[in-house]
Amino acid sequence: MITPLVALVRRDLRLFFSDQRSVLMSFLAPIVIASFFGYVFGGSGGKTETSKIPVLIVDQDGSDISRQIASGLTADKNLEVKVVSSESAKELVRKGKATVAILLPKEFGANAAKALFTSDGKPEIDFFYDPSHRMEMGMAQGILTGQVMQTVSKEMFGGATGQKMASDALARVEQSQGLDKASKSTISDLLRSVEKFNNENAKAKVDGKPVSSGGFTTPYQVREEAVTSGTSVEYNGYAHSFGGMGIQFILFMGIDVGIGVLLQRQRGLWKRLRAAPISKTLLLSARVISAAIIALVILTVIFTFARIVFGVRIEGSMLGFVGICLAFSLMTATFGLLIAALGKTPEAARGLSVFVTLLLVMLGGAWVPAFIFPQWLQTVTKFVPTRWAMDGLDAMTWRGLGVDAALGPIAVLLGFALLFGAVAVHQFRWEAEG
Amino acid sequence: MLQVNSLKKNYGALQAVDGVTFCASDGETIGLLGPNGAGKTTTVSIIAGLLSPTSGEVLINGRPLSGDTDPVKRKIGLVPQDLALYDEMSALDNLSFFGALYDLSGAPLTRAIAEALDLVGLADRAKDKVGTFSGGMKRRLNLAAALLHDPQILLLDEPTVGVDPQSRNAIFDNLEVLKSRGKTLIYTTHYMEEAERLCDRLVIIDHGKVIADDTLPNLYQLLPVTNVLAIELADPPDAPLLLGLKALPQVEAAESQGRVLKIGIRHLSEDTPAILQWLVMEGHPYTHLANERASLETVFLNLTGRSLRDS
Ligand SMILES: Nc1ncnc2c1ncn2[C@@H]1O[C@H](COP(=O)(O)OP(=O)(O)OP(=O)(O)O)[C@@H](O)[C@H]1O
Ligand SMILES: [Mg+2]
C-alpha cells in the first residue's frame with residue numbers, strides 16, 4: 001500500500017524535475033513575467049516614480065496671469081510642461097508626443113478677471129487631448145482649474161493690476177443685463193470691499209507694513225497615504241504579480257498532470273498500472289499528492305525569489321499563506337485530474353485546457369487586479385476559483401491581513417478541489433483501451 | 001490453471017470478442033493466433049483485469065478476479081503490445097517502479113530486477129535511459145518488467161512486434177527459459193512461424209470467435225494435405241497428365257507451375273511411391289524431387305478462406 005504510493009509519487013516528481021521544459025515553464029517563466037508586471041504596475045512602494053503627464057502650453061496672452069498659470073502648472077509634480085507655439089501643439093498631441101495641449105488665448109488674463117463675477121464674456125481655453133488618455137486628461141483639467149482660479153483671484157486681491165481689475169469688474173457688474181437688482185448690489189458691495197482692501201494694501205506697502213497677499217486657493221491639501229498592512233508598510237506591486245503568475249503557471253503544470261495521464265493511456269503504461277494489484281483511489285491520490293507537492297515547490301521558489309530580490313514579504317498570517325498555497329495546490333491537482341477525465345486525446349485536451357486556464361487566470365485578477373474590474377464583473381468572478389486564490393494571496397502578502405481573512409479563500413478552494421475531484425472520479429475512463 | 005469462459009466484449013455495435021473460450025493448464029504455452037483486429041488484445045486485457053467483459057468470465061485457479069486489489073492479480077504478468085516504458089528513466093528505475101507497484105522493495109526488489117535483467121540480457125545497460133535503447137532492447141525490457149513479481153501466468157501480447165530477426169530469436173530464447181521454469185504462457189501473435197515454434201496448443205481467433213483450438217499435430221490433421229510434393233519434370237506437364245494424376249486415389253490436389261508439378265498428399269511414406277511409379281510408367285521422368293510440409297498458414301487459409309497476413 002505504501003510502497004506503490006511512494007513509487008507513484010516519486011515517479012511523478014522524477015519525471016517532472018527531469019524535464020527541462022517543464023522546469024523552465026514552471027519556475028523561470030513566472031519569475032520573469034511577474035518581475036515585468038510587478039515593475040510596470042507600481043513596483044515596490046514609492047521607490048519607482050510614476051510617469052508624469054506630458055502637457056503643452058500655448059501662451060498667446062503673454063500677460064502676468066498667463067505666465068503665472070504656466071509656471072504654476074510647471075511646478076505641479078504630476079505634470080511635465082512644455083511651452084510651445086500654437087501650430088505645433090495640436091500636431092504633437094495627434095502624434096502622441098503629449099497627452100494634453102492647453103491654449104491660453106489673447107487677453108485671457110484680463111477677460112478671466114472680469115468674468116470672475118459675471119457669467120458673460122468668459123474667455124475660452126482650448127484644450128486638446130489624446131483620446132487614448134482620458135484619465136490623464138481629466139486629471140490635467142482638474143489641475144488647470146485649480147491653477148487658473150488661484151492665479152486670477154490672487155491677481156485681483158493685491159496684484160499689480162488688481163486695482164484696475166476690481167474697478168473694471170465693478171463697471172461690468174453695474175452694466176450686466178443678466179443680474180437682478182439685489183445680486184447686483186451685493187456683488188458691487190463685495191467688489192468695493194476688494195477695492196478698499198487693495199487701497200489699504202497699497203498704502204501699507206508705502207508705509208512698509210506687512211502686506212497680506214490674498215487670492216483663492218484650493219481650500220484643502222491632500223495628504224496621500226496608501227492603506228496597506230500598516231503605516232510602515234508600502235504597497236508592493238511585486239507581491240500581486242508573483243502571486244498571479246504563480247497561479248497561472250501552476251495551473252499550466254496542472255494541465256501537464258492531466259495530459260500526462262492521457263499520454264500514459266496512449267503509451268500503454270496505463271495497462272501496467274491497472275494490471276498491478278493497486279486500487280483506483282491509490283492511483284488517483286498519488287497523482288493528486290505529487291501535483292500538490294510540485295505546486296507547493298513552485299510557489300515556494302517564486303515567493304522566495306520575490307522576497308530576496310523585490311522584498312515581497314508575507315505581511316499577514318504565515319499560517320494563512322501556507323493554508324492558501326496548500327488549498328490552491330490541491331485544487332490544481334484535481335483540475336489536472338479533471339482534464340485527464342474529460343480529455344479524449346492529449347492533443348485535443350491541451351488546446352482547450354490552456355484556453356480555459358488563461359480565462360481562469362484573467363478573470364481571477366492575476367493579470368490585472370480584480371479591483372479595477374467593473375462591479376458586475378467583480379461579482380461574477382466570485383465564482384472563479386482563481387479569484388479566491390488571488391485575493392487570498394494578496395490578503396496574506398501586501399494587505400497584511402490575519403489568518404481569518406484566509407479562511408474564506410481556503411474553504412472555497414477546497415470546495416472547488418472537491419468538486420473537480422468528484423467530477424473527475426465520476427467521469428474517469430478506467431478501462432484500458434485496445 | 002487459467003479458464004476463459006464464453007468471453008464477450010462489445011464496443012457499441014462491434015463485437016470485438018464474441019464468445020471466446022479456452023483454458024491453459026500450468027506450464028502450458030498457448031498461442032492466441034489471429035489477424036489484425038481479431039480480438040486478441042481485447043481478450044488478453046480482459047484476462048489481466050484491465051477491461052470488464054460484456055459477458056463471460058475468467059477464472060484463475062477456479063476463482064474470478066474480485067476487484068482492483070485482488071492478490072490473484074500477482075499471479076499474472078502482462079507484457080503489453082505497446083512498449084509500456086518510461087523513456088525518460090533508466091532501465092533500472094523503470095523496473096524499480098514497476099516492481100514497487102507489486103509492493104516489492106528492498107533486497108527482494110533488487111534481486112528480482114537483477115534476475116529479470118539477466119534473463120533478457122540487459123544487465124550491462126541497466127543504468128542507461130530507455131530512450132537510448134534500440135527497438136529490440138525495449139521489447140526485451142518490456143518483457144522483463146512483467147517478470148519482477150514472478151507471476152505464474154504470463155500474458156504476452158505480440159512481444160516480438162517490430163524487431164529484427166536476431167532480437168526475435170533472443171526473445172524466443174528468453175521465453176523458452178520461462179517455459180522450462182514451468183510458467184504458463186499465453187502468447188498472442190499473427191506470425192504462424194512463432195506459434196509453431198513455441199506453442200503447445202493454438203487457439204485461432206477470427207472476428208472475435210475461436211475457429212480452432214488444438215495441438216499442432218491435430219491442427220495439421222485438419223488440413224486436406226499434410227505434404228506437398230514438388231516434382232520437376234523434363235517436359236512441362238500437360239492437361240491430360242494433370243487429369244490422370246488427380247484420378248489417382250493417393251492424390252488430394254494437383255497443379256502445375258512451369259515444369260514443376262505440385263501434388264498434395266496426406267501420407268508421405270504410403271502415397272509417394274505409387275505416384276512416382278505412375279509418372280515413370282506414363283512416360284514422364286522427373287529431374288528433381290522435393291517435399292514441403294503444409295504450414296499453419298495453410299491451416300488458417302483453409303479455415304477462413306483468407307490468408308493470415310493480408311486479412
Ligand atoms: N476501445 C475501443 N473502442 C472501440 N473499439 C475497439 C476498442 N478497442 C478495440 N476495439 C476494436 O475491437 C477489435 C479487436 O481489437 P483488438 O485490439 O483486440 O485486436 P487484436 O487482435 O489485438 O489486433 P492487432 O493484431 O492489430 O493487435 C478491433 O476491431 C478494434 O478496432
Ligand atoms: Mg493486439
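**Chain A, contacts and content**

I started with how far apart in sequence the contacting residues of chain A lie. In this predicted model, 79% of the chain A contacts between residues at least 6 apart in sequence join residues at least 24 apart. I then listed the secondary structure of chain A and found 16 helices and four strands. Chain A has 434 residues, and 46% of them count as buried.

**Chain A, H2 against H9**

I looked up how H2(A) packs on helix H9 of chain A, which spans residues 237-266. The two axes are 8 Å apart, and the angle is about 155°. Angles over 145 degrees count as roughly antiparallel, and H2(A) and H9(A) are therefore roughly antiparallel to each other. I noted the crossing of H2(A) and H9(A) as right-handed.

Next I went through the residues that meet. On the H2(A) side they include Met25(A), Ala29(A), Pro30(A), Ile33(A), Phe37(A) and Tyr39(A). On the H9(A) side they include Tyr238(A), Phe242(A), Met245(A), Phe249(A) and Phe252(A). By class, the residues of this contact between H2(A) and H9(A) are 14 nonpolar, five polar and two charged. Arg21(A) in H2(A) and Asp256(A) in H9(A) are also among the residues that meet.

I also checked Ser22(A), which sits in helix H2 of chain A, residues 20-40. Is Ser22(A) buried or exposed? Its relative accessibility is 4%, so Ser22(A) counts as buried. I then took the pair Ser22(A) and Phe252(A): they are 230 residues apart in sequence, and their C-alpha atoms are 9.5 Å apart in space.

**Chain A, H7 against H8**

H7(A) passes H8(A) in a left-handed crossing.

For the contact, I noted Gly162(A), Ala166(A), Ala169(A), Leu170(A) and Val173(A) among the residues from H7(A). From H8(A), the contact residues include Ile187(A), Leu191(A), Val194(A), Asn198(A) and Ala202(A). The residues of the contact of H7(A) with H8(A) comprise eight nonpolar, six polar and four charged. I also found Glu174(A) of H7(A) and Lys184(A), Arg192(A) and Glu195(A) of H8(A) in the contact.

**Chain B, overall**

I moved to chain B and counted 10 helices and 14 strands. Chain B has 311 residues, of which buried residues make up 50%. Its C-alpha atoms fill a box of roughly 80 × 45 × 35 Å along the principal axes. Of the contacts in chain B with a separation of 6 or more, 68% are between residues 24 or more positions apart.

**Chain B, magnesium ion**

Which protein atoms are donors of the magnesium ion, ligand 2? I found OG1 of Thr41(B) and OE1 of Gln81(B), lying 1.8 to 2.2 Å from the ion. Thr41(B) lies in helix H1 (residues 40-48) and Gln81(B) in the loop between strand S6 (76-79) and helix H2 (91-101) of chain B, so the pair ties together parts that are 40 residues apart in sequence. I then compared the accessibility of the two. Thr41(B) is buried, with a relative accessible area of 12%, whereas Gln81(B) counts as partly exposed at 26%.

**Chain B, Lys138**

I looked up Lys138(B), which is placed in helix H4 of chain B. Lys138(B) counts as buried, with 16% relative accessibility. Leaving out residues up to four places away in sequence, Lys138(B) touches Leu83(B), Leu85(B), Asp87(B), Val130(B) and Phe133(B).

**Chain B, positive phi**

Last, I checked backbone angles. Most residues other than glycine have a negative phi. Asp150(B) is not a glycine, yet has a positive phi of about 50°. Asp150(B) lies in the loop between helix H4 (135-144) and strand S7 (153-157) of chain B. Glu158(B) is not a glycine either, and its phi is positive at about 45°. I placed Glu158(B) in the loop between S7 and helix H5 (165-180) of chain B.

Glu158(B), by contrast, is buried, with a relative accessible area of 5%.

Key. Residues numbered from 1 in each chain as written. Chains lettered and ligands numbered in written order. Predicted model: local features only at pLDDT ≥ 70, side-chain atom pairs only at ≥ 80, totals over all residues. Heavy atoms only, no water. Left-handed = near helix turned anticlockwise from the far one by under 90°. Helix = DSSP H or I, 4+ residues; strand = E, 2+ residues; numbered from the N terminus. Contact = heavy atoms within 4.5 Å. Nonpolar A, V, L, I, M, F, W, Y, C, P; charged D, E, K, R; others polar. Donors = N, O, S within 2.8 Å, 3.2 Å for Na, K, Ca; no water. Buried < 20%, exposed > 50% of the residue type's maximum accessible area, 1.4 Å probe, protein only. Axes fitted to C-alpha atoms, helices over the stretch in contact; angles between N-to-C directions. Parallel < 35°, antiparallel > 145°, perpendicular 65-115°, else oblique.
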